[in-house]
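Here's a quick walk through one chain, written for someone who likes to know the cut-offs behind the words. Have a look at the model first, then read on.

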Amino acid sequence: MGMMKEFKEFAMKGNLVDMAVAFVMGGAFGKVTSAFIDGMVMPLVGQITGGVDFSRMKYVLTPEEKDAGGEVVVQEVAVQWGAFVTVAIEFLVVAFVMFLVIKSINKMKREEPAPPPPGPSNEEKLLTEIRDALKR
């Protein structure tokens, strides 16, 4: 039973719970970012580049071959570089947003004032009293 108690203490630590929430939020943020890139950014990039749909861009290494009946005999082998470009742009957007979030969090953190220097110890107080007594 000790192991279950230890696991419960571990699982309920603030850092672990915070990390779990961060993973869930990160997954949701990834979906939002993907929708933003696929639905808004890439169509604009396509318009700028003359109507190119980057998600379908590829370099064909081996073309697809069909027999006389129309059945595929050899599957197409291609490098899907357009999908890579899309994901790279998505990564840059996520990295930039995370940079802005972390920068704002760091700006909001208050610098804690330095603790006041510790007062004199009992020994120092006693020596100060002796010194003052000798001066009289």
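Predicted model: local features only at pLDDT ≥ 70, side-chain atom pairs only at ≥ 80, totals over all residues.

## Confidence

The mean pLDDT of the chain is 83, and 99% of its residues reach 70 or more; pLDDT is the predictor's own confidence in each residue, on a scale from 0 to 100. Within the chain, helix H1 (residues 2-11) has the lowest confidence, with a mean of 78, while S4 has the highest, at 91.

Residues are numbered from 1 along each chain as its sequence is written, and side-chain values use heavy atoms, with hydrogens and water left out.

## Overall layout

The chain has four helices and four strands, where helices (H or I, at least four residues) and strands (E, at least two) are DSSP runs numbered from the N terminus. Read from the N terminus, the order is α-α-β-β-β-β-α-α. The chain is more spread out than a compact globule, because its radius of gyration is 32 Å, well over the 14 Å that the globule rule gives for 136 residues. That radius is taken over C-alpha atoms, and the rule is 2.2 Å times the number of residues to the power 0.38. Along the principal axes, the C-alpha atoms fill a box of roughly 120 × 55 × 25 Å.

How much of the chain is buried? Buried residues make up 7% of the 136, with buried meaning under 20% relative accessible area, exposed over 50%, and partly exposed in between (1.4 Å probe, protein chains only). The accessible surface comes to about 12,000 Å², and carbon and sulfur atoms own 67% of that; these areas come from the Shrake-Rupley method with a 1.4 Å probe, and for residues only the protein chains shown count as cover. As for contacts (heavy atoms within 4.5 Å), take those between residues at least 6 apart in sequence: 36% of them join residues at least 24 apart.

## Inside and along the helices

Thr 86 sits in helix H3 and counts as buried because its relative accessible area is 8%. Who does Thr 86 touch, leaving aside residues up to four places away in sequence? The list is Ile 37, Asp 38, Met 42, Phe 54 and Ser 55.

Ala 133 belongs to helix H4 (residues 122-135) and is partly exposed, at 45% relative accessible area. Ala 133 and Thr 86 are 47 residues apart along the chain, and their C-alpha atoms are separated by 82 Å. Over in helix H2 you'll find Val 45, which is partly exposed at 23%. Val 45 and Val 21 are 24 residues apart in sequence and 34 Å apart in space, C-alpha to C-alpha.

## Salt bridges

How many salt bridges are there? The count is three, using a side-chain nitrogen of Lys or Arg within 4 Å of a carboxyl oxygen of Asp or Glu as the test. One pairs Lys 58 with Glu 76, with the closest N and O atoms 2.7 Å apart. This pair links distant parts of the chain: Lys 58 is in the loop between helix H2 (14-48) and S1, and Glu 76 is in the loop between strand S3 (72-74) and S4, 18 residues apart. Lys 58 is partly exposed at 36%, and Glu 76 is partly exposed at 33%.

Another joins Lys 66 and Glu 64 at 4.0 Å, N to O. Lys 66 counts as exposed because its relative accessibility is 54%, whereas Glu 64, at 39%, is partly exposed. Then there's Asp 132 with Arg 131, at 3.3 Å between the closest N and O atoms. Asp 132 is partly exposed at 33%, and so is Arg 131 at 45%.

## A nonpolar patch

Which residues form the nonpolar patch on the surface? Tyr 59, Leu 61, Val 77, Val 79 and Trp 81 do, with about 480 Å² of accessible area together. Patches are made of residues with over 30% relative accessible area and no salt bridge, with like charges joined within 9 Å and nonpolar side chains (Val, Leu, Ile, Met, Phe, Trp, Tyr) within 5 Å.

Strand S1 (59-62) and strand S4 (77-79) each supply at least two residues of this patch. Trp 81 lies in helix H3 (residues 81-108) and is partly exposed, with a relative accessible area of 34%.
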